[in-house]
Amino acid sequence: MPYSLDRLMEIVAALRSQHGCPWDREQTHRTLRPYVIEEAYEVAEAIDSEDPAKLAEELGDLLLQVALHTHIAEEAGGFSWDRVVNGIAEKLTRRHPHVFGDVTVSGADEVLRNWEAIKRKERSCEERRSILDGIPSGIPSLARAEKIGRRAARVGFDWANAGDALLKLEEELEELQKAYSSGETDRIEEELGDLLFAAVNVARLAKVDPEGSLARAVDKFSRRFREMEQLVDATGRCFESMNLEAMEDLWQAVKHAERQGQELPKSTGRD
């Protein structure tokens, strides 16, 4: 039978009831916080997998977190499901005057500038008015760097293109090399941070997601390293006893086979 959002909230209410699930009854906004983050990452992983069924499942898990938080708030006399839904519906309508009003825009960049202008008008006089307000400090640093760079760009504080940002990346690399030569740990850490921030700006201007780009690079390294291990195992050698030069030869062999679509020898199954 098909379920509705109302039915989902009824299920959550039953789980939280006196005769419901002991685990669900014990949860608070604070205890559920890690699960919200975890489920959001699993949604992102499902998107990367390009598996619609997996994405639907993970979106459901994330929706459950929304339902739980909303019900917990309602139990405490706070906000309700209607408040959550109405709040986002009103915000979307208010911040898209080019769709629900008579404003005309030239493209996506102007939409983003208008969005920020409308947000600033919505804030009270007592609140800070920095364009960087509202970016969570707890999100991954790559994502935070991208968001901060994008916000600054909305008021014109940005490079003209990715090529100019690449020149800054080269400059930061030189600074890191000097810091490394100095042997000063604090200076190395600072310059490495500047290099990573510059790399994120290159990604942003090149319209590449830095978080996803790094994730794919890590996945690629992991895949190739595992293939190296299998190749060593198939020849009966011990990976740990190999020198770096031999390992590099293996790495290049794995890369070549991958690019040529060739099959590597399989593991012998040794422990």
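**View 1. The largest pocket holds about 620 Å³ of space.** This is a predicted model: local features need pLDDT of at least 70, side-chain atom pairs count only at pLDDT 80 or more, and totals for chains, interfaces and linings use all residues. Residues are numbered from 1 along each chain as its sequence is written, and side-chain values use heavy atoms, with hydrogens and water left out. A pocket is found on a 1 Å grid over the protein atoms alone, as an open set of points where a 1.4 Å probe fits, with protein on both sides within 12 Å along at least five of seven lines. Its volume is the space filled by probe spheres set on the points, which are joined across faces, edges and corners. Lining residues have an atom within 4 Å of a point. The largest pocket has 24 of them, and Tyr-41, Pro-140, Ala-143, Asp-209 and Glu-211 are the closest to its centre. Helices H3 (29-49), H8 (141-153) and H11 (210-234) each give two or more residues to this lining. By class, the lining has 12 nonpolar, two polar and 10 charged residues. (Nonpolar: Ala, Val, Leu, Ile, Met, Phe, Trp, Tyr, Cys and Pro; charged: Asp, Glu, Lys and Arg; polar: the others, Gly among them.)

**View 2. The second largest pocket has a volume of about 290 Å³.** Its lining includes Asp-109, Leu-112 and Arg-113, along with Arg-150, Arg-154 and Lys-207. Helices H7 (108-122), H8 and H10 (185-205) each supply at least two lining residues. H7 gives the largest share, three residues.

**View 3. Helix H9 (residues 162-182) packs against H10.** Their axes lie 8 Å apart, at an angle of about 165 degrees. (Axes are lines fitted to C-alpha atoms over the stretch in contact; angles run from 0 to 180 degrees between N-to-C directions.) The two helices are therefore roughly antiparallel, a term for angles over 145 degrees. Their crossing is left-handed: the near helix is turned anticlockwise from the far one by less than a right angle. The contact has 15 nonpolar, two polar and seven charged residues.

**View 4. The chain has 12 helices and zero strands.** Helices (H or I, at least four residues) and strands (E, at least two) are DSSP runs, numbered from the N terminus. The radius of gyration, taken over C-alpha atoms, is 25 Å, well over the 18 Å that the globule rule gives for 271 residues, so the chain is more spread out than a compact globule. That rule is 2.2 Å times the number of residues to the power 0.38.

Key: Angles under 35 degrees count as roughly parallel, over 145 as roughly antiparallel, 65 to 115 as roughly perpendicular and the rest as oblique.
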